[in-house]
Amino acid sequence: MVAEDENNDEICQEMEVEDPFCLESSPLKLTFEDITSAAYKIKDGVIKTACTRSHLSSVVNMELYLKKDFVQYTGSFKERGACYALMMLSDEHKRNGVISASLGNHAQALCYHGKRLGVPVTVVMPTVAPIIKIEACRNFGATVIIQGFNMKESKHIALKLSKEKGIIYINGYDHPHIMAGQGTVGLEILEDVPDADAIVVPVGGGGLIAGVSLAVKTLKKNCKIIGVESDRVPSFTKAMEHGSPITVEGKSTLADGLAVPRVGCNAFATAAGLVDKMVSTSHLNPLSLLNKGPGYNTQSHSSSTTR
Ligand SMILES: Cc1ncc(COP(=O)(O)O)c(C=O)c1O
């Protein structure tokens with residue numbers, strides 16, 4: 001374990017490679033127009049998913065709606081941002097292709113839409129990435145590099161390659177076009193459930209909650225935004241306490257998409273003033289959230305809504 005940690009540090013301290021779209025010194029705040037532009041652009045490439053009343057409503061004694069983004073082709077909302085980010089590339093960058101690092105959902109989304117739109121995609125996935133997601137990326141014809149013991153290392157490798165090859169690195173939660181695409185979830189939720197009192201959003205790097213909170217607070221100021229993260233990696237909660245992104249010492253969790261030890265600087269700058277509450281919950285018992293009292297008692301695959 002110690003040897004692995006030393007190796008991690010060696011790889012990552014070798015030379016920090018900056019992502020020009022995600023600079024902690026000058027974070028970018030998303031605008032509502034970015035999200036409406038994304039909604040228009042991705043409408044033919046991404047499924048407009050249902051947000052329907054759940055049978056759990058009677059169990060939790062409230063009207064509970066679940067947004068079903070797991071029906072997207074690759075199984076997650078990540079397609080929204082990936083599709084928009086690829087569509088927004090210049091022709092030259094579309095020809096050159098893009099690179100990213102991901103444990104799975106963002107990688108699959110990027111590879112799928114890359115194939116659909118004719119953009120070459122390279123993904124660097126850590127050795128702990130689920131084999132089924134690695135295979136899915138390969139089946140979409142992407143270049144898949146399995147390198148790095150964790151996301152930090154894989155990201156470092158991908159950023160280095162992006163510099164060497166002159167191709168764009170697309171951060172899966174903090175690139176502005178990714179956040180804008182994810183924000184379309186918020187627009188759709190309010191279309192289907194216009195009188196929602198609160199929307200519960202899972203938080204990893206913060207891209208989804210950044211887009212959703214901006215979309216929702218712009219259209220319906222009094223609708224509460226409640227972020228949920230794993231109590232094993234409470235990086236957004238700690239960033240809120242600290243006033244800016246801060247690295248937390250993460251422990252492994254079954255909710256691998258939420259295991260991001262430092263939230264994105266653009267995502268935090270966009271979402272921080274819009275999130276009403278953060279809740280940490282156990283990955284072993286996600287439904288424990290249902291017992292935390294009124295106002296924040298829901299849980300779902302993507303986002304859920306109460307009224
Ligand atoms: C299913 C699922 N939900 C939530 C998240 C968190 O999204 P974000 O990293 O934008 O906060 C992820 C991230 O990979 C995910 O795959």
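Mentor: Start with the buried residues of helix H10. They are Gly 207, Leu 208, Ile 209, Ala 210, Gly 211, Val 212, Ser 213, Leu 214, Ala 215, Val 216 and Lys 217. Keep in mind that this is a predicted model. In H10, 11 of the 13 residues are buried, so the helix is largely enclosed by the rest of the structure.

Now check its length. At 1.5 Å a residue, the 13 residues of H10 should span 18 Å. The C-alpha atoms at its ends are 19 Å apart, which agrees.

Next, the core. In soluble globular proteins, nonpolar side chains tend to be buried together. Here the largest nonpolar core has 85 residues. Ile 209 is among those with the most contacts inside this core, along with Cys 111, Val 123, Ile 199 and Val 201. Domain 1 (32-74 + 175-283) and domain 2 (78-169) both give residues to this core, so it lies between them.

Then turn to the ligand. Around it are 18 residues, and Asn 105, Gly 204, Gly 205, Gly 207 and Gly 257 come nearest. Two elements give two or more residues to this shell: helix H6 (105-117) and helix H10 (207-219). H10 gives the most, with 3 residues. By class, the shell has 10 polar, 7 nonpolar and 1 charged residues. Both domain 1 and domain 2 give residues to the shell around the ligand, so the ligand lies between them.

Note on methods. Residues numbered from 1 in each chain as written. Predicted model: local features only at pLDDT ≥ 70, side-chain atom pairs only at ≥ 80, totals over all residues. Near = placed C-beta within 6 Å. Helix = DSSP H or I, 4+ residues; strand = E, 2+ residues; numbered from the N terminus. Nonpolar A, V, L, I, M, F, W, Y, C, P; charged D, E, K, R; others polar. Domains from an automatic or database assignment. Core = buried A, V, L, I, M, F, W, Y, C linked by C-beta atoms within 7 Å. Buried ≥ 20, exposed ≤ 12 C-beta atoms within 10 Å, placed from the backbone. Expected span 1.5 Å × (residues − 1).
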